[in-house]
Structures are given as structure tokens and as C-alpha cells.
Amino acid sequence: MLDKNHVYRMFKNIIERGTVLTDEPMSKHTSFKIGGPVDVFVIPGTVQELASSIKLCKDEGLGYFVMGNGSNLVIRDKGMRGIVIKISESMSNVEVKGTKLIAEAGALLSVVSKVALRNSLTGLEFASGIPGSLGGAIAMNAGAYGGEMKDVVAKVMCLDTDGNFVEYENADMNFGYRQSRVQNENLIVVQAEMDLKEGSYEDIKAYMNELTEKRTSKQPLNLPSAGSVFRRPEGYFAGKLIEDAGLKGIRLGDAQVSDKHSGFIVNAGNATSDDVINLIRVVQKTVSDKFGVKLETEVKIMGEE
């Protein structure tokens, strides 16, 4: 059993510019607005505090999970045991050097893409409406509208599980569909350098506006969700399979398959994690029974059962 007060004091000794909390509700830190309390919640104020936090967890044998913007998480209602380390606004610096854009992991993709726009750099338009942070986007090779992070990332600075800094070139990142070396080796993205191209400010802005219009017309952005719940099965589109299975708009408790986009499950009120997880299972079973296609979740389900 974790001694929360003891662990809290240990983190307070190394976190000066950041924040340390106990029993913090994860519902405050996920786009789904769902999730019970975590034992100890740490927001490092600097990259060095992040490294020190990882080393402390390793040295003390403490279980930990590192998160970004929480836009791809379903946290169970009983919460999470151990430590959650959140990379947030305190690690979100973005700078431009010529056609290179260098950003820290806590920077939101929407902000990074706006910096690219202001500097008339093209290549990141696809990311302008993705709700996550840069670190999470690189970890899962996030993509939309024909673009993926692997298309623009040149170098990635990470922390390994020992709290040491390691740097990888694009070719060494093992990028694949919604995966990367980061996930496979439990690395933590600290900073990334992206190679963009000079472009026309007006053209870049027009394309970003076009993608924004597509999103707002087709996605349920007015309700809490974790984006696309399921990975794209080879040869199919998850949303179309779900709709063709007659599941569009189906509801369990306050969790609902969006009636705007069947690939999304939304929190239509006060959904519990059980509502969401049970609805995911109903969708998976129905699609499997009707079409013989296995839907795998893209969202990460975590916490105490």
C-alpha cells in the first residue's frame, strides 16, 4: 500500500517550480471529463524536474504513468494507484529557427500549428485541430486528413526509464500507424524538432480553415470525448462499420455513440467509466458479430477495476 503522504513529501523535495497533489481527480485532466482520484499527481515545472521525478520513481520502486493533455484516456472511476506525472503548460516552449520548429512536449498541437502559420511554414496544417499535446501526438504518431507526425518530425529528445536523455532521428523512431518507439519502450518525449517548408501565409491559413470546417461539421466537438475511440481496421473505417451495424446514437447511461460521427463516444452528461467501457464492448461485439471485424481501441483505458 502506497504511503501517499510520504511519497508526497519526497516529491515536494524535488519539485520547486511545479505542483504536487494527492487524491487529485483525474476527471479534471482528461478530455472525457471522467476518472477517479490518483494517489499522487505531479506536474513538473521544468524538464529537469521531470527527469528528477522519473529517477525518484525508479529509485523508490514507485509505479508511475506519464500523461500529456489527457485527450486519449479513459480513466476508471476508482481512479489510479501510484503516481501520475503530467507534462503540461510549464513545458510548452515553441521556437522557430528558419524552417525548423522546435517545441517542448507540453505544447498543444493547436498552438504549435498556429506558430507555424504565423511564420508562414507549411506541413503542420493537418495537426491544427488535433486536441492533444505534442508529446502524446509523437508517441502515438497522431494524424488526420492525410498527414501524420512522422511526416514532419526530424528529431525527438526523450527521457528513458532511467531518467536519462536520449535523442532519436526520425528513422530511428519506428513510426507506424498510431505507434512509435516511444510507446514500445516507455520513453517520454521532452522536445521535438520538426522540418517544415516555407509557404504562403494565406494558403496555409485557408487550408487550416478548410480542415476546421470539416471537423466542426463532422465531429461532435461540443461534448467531452476522447476523439476516435477505435483504430482503423485494415480495409475498413471504424465509424462506417459502427453506423452500418445500427449503433449510431446508441446510449448506455450517459455514454453515447455520437449521432454526428459514429467513431466517437461522447460524455452526454455525467457518464461513468463503466458506461464508456461497457458501450465500447457492445460496439466491439456487435461489429464483430455482424461483419467479422475486430475493432481495437485507440483510446487507453486505465485505472483500478
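**Note on the cysteines and Lys4**

1. Cys158 counts as buried, because its relative accessibility is 0%. Buried means under 20% relative accessible area, exposed over 50%, and partly exposed in between (1.4 Å probe, protein chains only). Cys57 is buried as well, with a relative accessible area of 2%.

2. A word on the basis. This is a predicted model, in which local features need pLDDT of at least 70, side-chain atom pairs count only at pLDDT 80 or more, and totals for chains, interfaces and linings use all residues. Residues are numbered from 1 along each chain as its sequence is written, and side-chain values use heavy atoms, with hydrogens and water left out.

3. Now Lys4. This residue lies in helix 1, residues 4-14. Helices (H or I, at least four residues) are DSSP runs, numbered from the N terminus. Lys4 counts as partly exposed because its relative accessibility is 29%.

4. Which residues does Lys4 touch, leaving aside neighbours within four places in sequence? Lys4 is in contact (heavy atoms within 4.5 Å) with Thr22, Asp23, Asp39 and Val40. With Asp23, the link is a side-chain to side-chain polar contact at 2.8 Å. A polar contact is a pair of N or O atoms within 3.5 Å; within protein, one must be able to donate a hydrogen and the other to accept it, and residues adjacent in sequence count only if both atoms are side-chain atoms.

How values were computed. Helix = DSSP H or I, 4+ residues; strand = E, 2+ residues; numbered from the N terminus.
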